[in-house]
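Let's take a walk through a protein model together.

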Amino acid sequence: METNGFRFGEVRNGDVTIRYAGRGDPRAPLLLVLHGFPEFWAGWRAVMTRLADRFHVVAPDQRGYNQSSKPAELEAYRVGHLAADVAALADALSPDRPFALAGHDWGASIAYAFAFAHPERLSHLVIANGVHPACFQRAIFEDETQRQASQYINKLKAPEAEERLSADGHRRLLRMITGFSKADWMTEAEAEAYRSAWSQPGALTGMLNWYRASPVIVPEPGAPAPHSPILDMPVEVLTVKVPHLVLWGEADAALRPECLSGLETFAPRLTIRRVQDAGHWILHEKPDAVADEIIRFVA
């Protein structure tokens, strides 16, 4: 099926169906792009349009979101299962050659997980305002500003989160988007598309289960840092072995610059591009700049 230049398809990973949108020539090199919370595949739409003449750009609804499967059990949202969805997409869309992978927000976390486990399948890794798990956990523990900024994570893990976020036409969820950084791209038409995605049966619980299943720990402000299984992991297990680009909107209120501290330890082929007049929603705020940087880095 094709709509407004986007082709839609689906891939199976066991009992889970991952629906995706694609743009560009399917014979071109694959660029797989992963959205974060609380978006869906269309978080990458503007960037995809600008890259379609160079790549076969594919953006899935990740499991729990919009039109993809929404398993009921919390275990289904552990990072290994989420990375396996990426593997299923890659095996279906680019079985014989390495591909480029990009992720934003939570999509960045899954892109990192895939890069750790399957470096032989990747040509490049691009992260846009997303965090390496060890750097993020350390920033939460050691930087009080980041710890304060991450307190929303505990609210999203709470049992009553679905009720709170769905009330009044998802008013709080929309307000959360505007709280992370400038969101003048959120027109009423965009807001209605987001409400529709969030209103899919089981979607809000699936989206929140990403947080509930995460091993990231966010202590209360001023509390001592507890033991973290993430920080126990050997550096080599968390290393990005392929060329790695980070695009960082510096006006991000959710992820502070401290999240990049020490990243070079885990990424020996690292390039960081900082964008001063962009924030967390850099894909929407600066699609031309994001596309240009990806082309320069990958192509």
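We can begin with a pair of residues: glycine 22 stands opposite valine 58, which belongs to strand S5. Before going on, a word on what you are looking at. This is a predicted model, in which local features need pLDDT of at least 70 and side-chain atom pairs count only at pLDDT 80 or more, while totals for chains, interfaces and linings use all residues. Residues are numbered from 1 along each chain as its sequence is written, and side-chain values use heavy atoms, with hydrogens and water left out.

Strand S5 covers residues 56–60. Helices (H or I, at least four residues) and strands (E, at least two) are DSSP runs, numbered from the N terminus. S5 has strand S3 (residues 16–23) as an antiparallel partner, with four bridges between them; strands pair if DSSP finds at least two bridges between them. S5 also runs parallel to strand S4 (residues 30–34), joined to it by three bridges. Here leucine 30 stands opposite histidine 56 of S5. From S4 the chain passes through helix H1 (residues 45–51) to S5, a right-handed β-α-β crossover. Right-handed means that, with the strands pointing away from the viewer, the path from the first strand over the helix to the second runs clockwise.

Are the faces of S5 covered or open? Both are covered: His56, Val58 and Pro60 on one side are buried, as are Val57 and Ala59 on the other. Buried means under 20% relative accessible area, exposed over 50%, and partly exposed in between (1.4 Å probe, protein chains only).

Next, look for the largest nonpolar core, which has 110 residues. Such a core is a set of buried Ala, Val, Leu, Ile, Met, Phe, Trp, Tyr and Cys residues joined through side-chain atoms within 4.5 Å. Phe37 and Leu101 have the most contacts inside this core. Its largest share, eight residues, comes from helix H3 (residues 106–117).

Finally, the whole structure holds 14 salt bridges, each a side-chain nitrogen of Lys or Arg within 4 Å of a carboxyl oxygen of Asp or Glu. One of them links arginine 171 with aspartate 168, with the closest N and O atoms 3.5 Å apart. These two residues are about one helical turn apart because they lie three residues apart in helix H7 (residues 161–180). Arginine 171 is partly exposed at 34% relative accessibility, and aspartate 168 is exposed at 56%. Elsewhere, Glu188, Glu192 and Arg195 are linked in a network of salt bridges.
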